[in-house]
Amino acid sequence: MIAFFSATGNSRWAAARLAAVTRERLVNIAEALTGDCVYNLEPNERLGFVFPVHGWRVPMIVRSFIRRLVVNGPQGESTPPYCYAIITAGDDVGLTIEDYLNPAIAANKSLRQLGISHVDSAWSLIMPESYVGLPFMDVDKKEKEREKISRSDQRLQVIGEEIFDRKKSVIRLDHGHWPWINSHILGAVFEHQLITDKPFHVEANRCVRCGICAQVCPTHDIIGGHGLQPQWKHDGSCLTCFNCYHHCPHHAIEYGQRTRHKGQYFMK
């Protein structure tokens, strides 16, 4: 079972590539949260988490999924299922695994009952940048975008083999130069001040009311559809993943004044 969350498609791409190697089912976290989040593992089935890093931390939607997750192991199997994580980021990942994912796993009762208290192995993939919510941040140039995807493709081939073989204690993470500061200090600022839908607005002269933004929002935070100009609900569900911004075919969605003249990206 590969539980994944993806907005602009980087993590979905990685999860799909991995599923082709392990031949295990994909579980879309955004869709799973509309149900009961209860799963029965097959004999020898692995448990994987694939998601992008948000502010050097685990995205809130992934944390919500893990809190609700109930995993039942195969009858008569005493060995804990192999558990792993692949996280994607435009640059570095801080202490996303060590200080946020592992504690979330350890707090889940059903996982503890299966003998899972942390991931057995973890990897990061540096993928094209999609966060544009700060003045100094923008999407990558096309050449850099292609380079990142190519390198991650090669790295993912090795990762897939290691996961298939259930290799443990493999920790290959791009922590960055200041992982604690990024995850704990800057991450707190990001989570408490920058994750909000309040700055999102529509340039009415460019909006064609196609409804794409409402369709691609993973938390259904946008009121809209074909023939309607989108409105954000301001209900606290926004992840500031910028999926609406990146998928807008006429660049009609802006985030305050910070995204003017910036590029768009999503994995096609």
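User: Why is Y245 called buried?

Analyst: Y245 has a relative accessible area of 0%. Buried means under 20%, exposed over 50% and partly exposed in between, with a 1.4 Å probe and protein chains only, so Y245 counts as buried. F242, at 1%, is buried by that cut-off too. This is a predicted model, in which local features need pLDDT of at least 70 and side-chain atom pairs count only at pLDDT 80 or more, while totals for chains, interfaces and linings use all residues. Residues are numbered from 1 along each chain as its sequence is written, and side-chain values use heavy atoms, with hydrogens and water left out.

User: Why is the F242 and Y245 pair put in its class?

Analyst: The ring centres are 6.1 Å apart and the planes stand at 85 degrees, so this pair is edge-to-face as well. Ring pairs link F200, Y255, F242 and Y245 with Y131, F190 and W232 into a cluster.

User: How do you know that the charge of K268 sits over the ring of F266?

Analyst: The test asks for NZ of Lys or CZ of Arg within 6 Å of the ring centre and within 35 degrees of the ring normal. The charged end of K268 is 4.8 Å from the centre of the F266 ring, and is listed as sitting over it.

User: What makes a set of residues a nonpolar core?

Analyst: The members are buried Ala, Val, Leu, Ile, Met, Phe, Trp, Tyr and Cys residues joined through side-chain atoms within 4.5 Å. The largest core has 42 residues, and I86, W123, I163, F200 and I253 touch the most other members. Its largest share, five residues, comes from helix α1 (residues 10–22). A second, separate core of 39 residues includes M1, A32, L47 and L173.

Note on methods
Helices (H or I, at least four residues) and strands (E, at least two) are DSSP runs, numbered from the N terminus. Rings of Phe, Tyr and Trp (its six-membered ring) pair if their centres lie within 6.5 Å; planes under 30 degrees apart count as stacked, over 60 as edge-to-face and the rest as tilted.
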